[in-house]
Amino acid sequence: MLTPDRISLNTATVKEQWTLAQCIDGCQRHGLGGISPWRDKLQEMGVEAAARAIRDAGLQVSGLCRGGWYTADGALTQAVVDDNRRAVDEAAAIGADCLVMVVGGLATGSRDIDSARAVVEEGLARTLEYARTVGVKIAIEPLHPMYAADRACVNTIRQALDICDRLGTGIGVAVDVYHVWWDPEVKTQIRRAGADRLMAFHICDWLDPTSNLLTDRGMMGDGVIDIPGLRAEAEAVGFTGLNEVEIFSADNWWRQDPDDVLRTMIERGANAC
Ligand code: ZN
């Protein structure tokens, strides 16, 4: 059972309906505990204005989505390093609990996932080095392996934590149940992460059947994921962050009245989480 103050709105959930300013108002109106903006919405509003509005609304920032995308050019470029540095600065400006990293997949035409993974680790090391100087935490979000080619070649919590082990302090994982629920090691690896490295917890549901691999996520309770079981595991290791609702849903939730979406999130938080 999740109370509204334990829930954060990832702005992707109502991205077709609301600007960031409207999301901030909506979170406050519905009594949610926090928000997690995407960078496009943040930049559209202006980082300083958004930081002020979020503060005034009394909202926690459970994360900033997203940095990463290290692999697009096949090697780490200065442009990508610089963009991630800006993302770190934005995360600092809004007081985000972490900067969430979607690390990137294969370069166009490449079949070399090993070298993509090496580029990712090099990029994360560079971003982390800067993030430490401004006190921003870096959270690697492992994505479901169906996105290994086009979005992220880090696909399990184990793989992400192995990178964290090598890179040291200040880096951890964002666990999104949509991406990791199927993994036989999911609970073991949540325990391995521990409170320090479990930096974000994203919830939604896996619909069966799923009609689109990117934009057909379900509301909690409408699919097959044992959200209460995974959440209990996270809490057992000492995770005290917010439960961030992140739903990409072109044919359903993106077409609903956003106030109804937030009301449903709250009802499912109480009854399906
Ligand atoms: Zn996520």
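View 1. Strands β5 and β6 (residues 138-140) run parallel to each other and are joined by 3 bridges. Val100 stands opposite Ala139 of β6. The structure shown is a predicted model. Strand β4 (residues 64-68) also pairs with β5 in the parallel sense, here over 4 bridges. Within β5, Val100 is the bridge partner of Cys65.

**View 2. Side chains of strand β5.** In a regular strand, side chains alternate between the two faces of the sheet. In β5 (residues 99-102), Leu99 and Met101 point one way, while Val100 and Val102 point the other way. These four residues, Leu99, Val100, Met101 and Val102, are all buried.

**View 3. The β-α-β units that include β5.** One right-handed β-α-β unit consists of β4, helix α4 (residues 78-93) and β5. Another right-handed β-α-β unit is made by β5, helix α5 (residues 113-134) and β6.

**View 4. The zinc site.** Four residues coordinate the zinc ion: Glu141 through OE, Asp176 through OD, His202 through ND1 and Glu246 through OE, at 2.0 to 2.2 Å. The angles among the 4 donor atoms span 86 to 151°, and the site is irregular. Along the sequence, the donor residues follow the spacing E-x34-D-x25-H-x43-E. Glu141 and His202 link distant parts of the chain, being 61 residues apart. Glu141 lies in the loop between β6 and α6 (157-167), whereas His202 belongs to strand β8 (residues 198-203). The cut-off behind both assignments is a relative accessible area under 20%.

**View 5. The buried side of helix α1.** Helix α1 (residues 20-30) has Leu20, Cys23, Ile24, Gly26, Cys27 and His30 as buried residues. They cover an arc of only 165° around the axis, so they lie on the same side of α1. An α-helix has 3.6 residues a turn, and residues three or four places apart therefore point the same way. The elements that cover the buried residues of α1 include the strands β1 (7-10) and β2 (34-36), together with the helices α2 (39-45), α3 (47-56) and α10 (258-271).

Definitions and conventions
Residues are numbered from 1 along each chain as its sequence is written. This is a predicted model: local features need pLDDT of at least 70, side-chain atom pairs count only at pLDDT 80 or more; totals for chains, interfaces and linings use all residues. Side-chain values use heavy atoms; hydrogens and water are left out. Buried means under 20% relative accessible area, exposed over 50%, partly exposed in between (1.4 Å probe, protein chains only). Helices (H or I, at least four residues) and strands (E, at least two) are DSSP runs, numbered from the N terminus. The arc is that of the directions from the helix axis to the C-beta atoms. Contact means heavy atoms within 4.5 Å. Two strands pair if DSSP finds at least two bridges between them. A crossover is right-handed if, with the strands pointing away from the viewer, the path from the first strand over the helix to the second runs clockwise. Donors are N, O and S atoms within 2.8 Å of the metal (3.2 Å for Na, K and Ca); water is not among the atoms, so sites may look incomplete. Four donors count as tetrahedral if all angles lie between 85 and 135 degrees; four count as square planar and six as octahedral if opposite donors are over 155 degrees apart and all others between 65 and 115; anything else is irregular.
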